[in-house]
Amino acid sequence: MGKQYPAISADTQAFIERQHVFFVGTAAADGRVNISPKGQDTLRVLGPNRVTWLNLTGSGNETAAHLLEVNRITLMWCAFEGPPSILRLYGTASLYHPRDAEWADLLPLFPALPGARQILVVDVELVQTSCGMAVPFLDYRAERDELNDYMEQRGPEQVEQYWHNRNGRSLDGKPTGI
């Protein structure tokens, strides 16, 4: 049965740190709901009610567009190995770009990854666990290198042009602030 907590415990943080993938869910007031998978070494627990992650360049930028309109967010992890478990963090998020002062403070928390476009800080209001008994076992092999290789080959100027061309508006035409 699911349980709810007001904060991230040490056990919950350890669970988060063992996972190789998490999912981000956002929605604007209208339009499409977005769920994005996230990987690589891009998430940090900052405290019992705060997490941050480095958002890398992708084919879309729905999360940013949604957060500019309605800053609610859900992060979810599933245990694909070991005991079954699903973890969700519910909260609100702030979004920072390389042009923002907060970027310089937050970026050193992460490894240098090409194509880093935003850093999100989530203020966690609710932690919820559930059983996860229907989630299959999946074997982790390795991180994928394709995104990092693609961004490195383009270089910063071409990556910024990509942001302008492909990440400036959501699927619903909402601005992303990139």
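In what follows a residue is called buried when its relative accessible area is under 20%, and exposed when that value is over 50%. The coordinates belong to a predicted model, and the description should be read with that in mind.

By that cut-off Gln128 counts as buried, because its relative accessibility is 18%. Gln128 belongs to strand E8, which covers residues 116–130, and its side chain makes a polar contact of 3.3 Å with the side chain of Gln4. Once the neighbours within four places in sequence are left aside, the residues in contact with Gln128 are Lys3, Gln4, Ile86, Leu87, Arg88 and Tyr90.

Helix H2 spans residues 62–69, and six of its eight residues are buried, so the helix is largely enclosed by the rest of the structure. Those buried residues are Glu62, Thr63, Ala64, Ala65, His66 and Leu67. What covers them includes strand E2 (22–27), E3, strand E5 (50–56), strand E6 (72–78), strand E7 (86–96) and E8; E8 is also the strand in which Gln128 lies.

The loop between E5 and H2 holds Thr57, which is buried because its relative accessible area is 3%, a value under the 20% cut-off. The side chain of Thr57 takes part in two kinds of pairing: it reaches the backbone oxygen of Gly115 at 2.6 Å, and it is joined to the side chain of Trp163 by a polar contact of 2.7 Å. If residues up to four places away in sequence are not counted, Thr57 touches Gly115, Arg117, Leu147, Met151, Val159, Tyr162, Trp163 and Asn167.

An unreviewed UniProt entry carries the annotation "domain: Pyridoxamine 5'-phosphate oxidase N-terminal" for residues 12–131. In the model, the end C-alpha atoms of residues 12–131 lie 14 Å apart, and the span is 18% helix and 48% strand.

Conventions
Residues numbered from 1 in each chain as written. Predicted model: local features only at pLDDT ≥ 70, side-chain atom pairs only at ≥ 80, totals over all residues. Heavy atoms only, no water. Helix = DSSP H or I, 4+ residues; strand = E, 2+ residues; numbered from the N terminus. Buried < 20%, exposed > 50% of the residue type's maximum accessible area, 1.4 Å probe, protein only. Polar contact = N/O pair within 3.5 Å; in protein donor to acceptor, adjacent residues only side chain to side chain. Contact = heavy atoms within 4.5 Å. UniProt positions renumbered as here; feature names shortened; annotations may be inferred.
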